[in-house]
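Hi,

Here is the structure I said I would pass on. Have a look at it first, then read my notes below.

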Amino acid sequence: MADRDGLIWFDGEMVPWRDAQVHVLTHTLHYGMGVFEGVRAYETVNGPGIFRLQEHTDRLFRSAHIMNMTIPFTKEQVNEAQLAAVRENNLPHAYLRPMVFYGSEGMGLRANNLKVHMIVAAWEWPSYMTPEAKEIGIKVRTSSYTRHHVNITMCKAKANGNYINSMLALNEALSCGAEEALLLDPEGYVAEGSGENVFIVYKGKIYTPELTSCLDGITRATVITLAQELGYEIIEKRITRDEVYVADEAFFTGTAAEVLPIQQLDGRVIGSGKRGPITEQLQKLYFDHVMGRTDKHPEWISLV
Ligand code: PMP
């Protein structure tokens, strides 16, 4: 990733990609205390547009506040940095990575003498899963790793260190021949995927776990709005893994994963074993919105 052309927004300036470097004693590299976002820009009918930019920026600031880090830029500057990262790299569509981290001014855990830095990188990253996965769905394994306890780390923050748990779970799932992990909360209820929220459909109603121990996903919120506008009832409640086994449909949501059907969990085929009709309907509607093919919710797209 490091050796390529392009520009990265770094502490307020556009820096050549290869020169966007930090020291090996960068504090966040050692302890994982940092916050970040995963954002997408799509090639909309009106040109490149960032989907739900303000919501991502708002969550970044909430994450920083939870971690007691002060972002040395305003939300307007952070929005503009993301638009510039797409624009100045001439990207028709992009994945964006804003990240806020501590510098190398000190190594103590007190972190009281550290400067807060911020980068925004943007690059082309068309699909997280194969195009077929969007239609046939993916195989998922319940993880042997428990999702974070709300008083061990801060589940509402999209914090760098939280992703050790996600990577352990994802790598375990991949090594077992699955494509994604489903993590349970410390009480054994369904929390989320390694980088996605989860939904199930049962007898025409849509269920998703409460936000207690999962990330407050922006795609999750988008899909809830779209489903409610279609007249579906959405129920946020604790879900057990066997409720997923017997669901009619199940799917993940995330900026990277978009709306992704789950075909199997722990070797149990879910529903018909294909993308279910409600999943398909929401997936199509989601793509219509991110690509700007509908004039509903124009406020969700920030043109670059
Ligand atoms: N849960 C986790 C752990 C994630 O990393 C992500 C991706 N940010 C999500 C859920 C989905 O969030 P969003 O829809 O905002 O991308």
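How many bridges join strand β6 to β7? Eight, and the two strands, β6 (residues 94-102) and β7, run antiparallel. Strands here are DSSP runs of E with at least two residues, helices are runs of H or I with at least four, and both are numbered from the N terminus. Two strands pair if DSSP finds at least two bridges between them.

Before going on: this is a predicted model, where local features need pLDDT of at least 70, side-chain atom pairs count only at pLDDT 80 or more, and totals for chains, interfaces and linings use all residues. Residues are numbered from 1 along each chain as its sequence is written.

Back to β7 (residues 116-123): its residue H117 stands opposite F101. β7 also pairs with β1 (residues 7-10), again in the antiparallel sense, over two bridges. There, W9 has V120 as its bridge partner.

Now the ligand. Of the 16 residues around it, L215, G217, I218, T219 and T255 come nearest (near means a C-beta atom, placed from the backbone, within 6 Å). Helix α6 (218-229) gives the largest share of that shell, three residues, and β14 (249-254) supplies at least two.

Finally, I200 touches Y207, I239, E243, V244, A247, E249 and A250, leaving out residues up to four places away in sequence. Touching, or contact, means C-beta atoms, placed from the backbone, within 7 Å.

Cheers

Technical notes. Contact = placed C-beta atoms within 7 Å.
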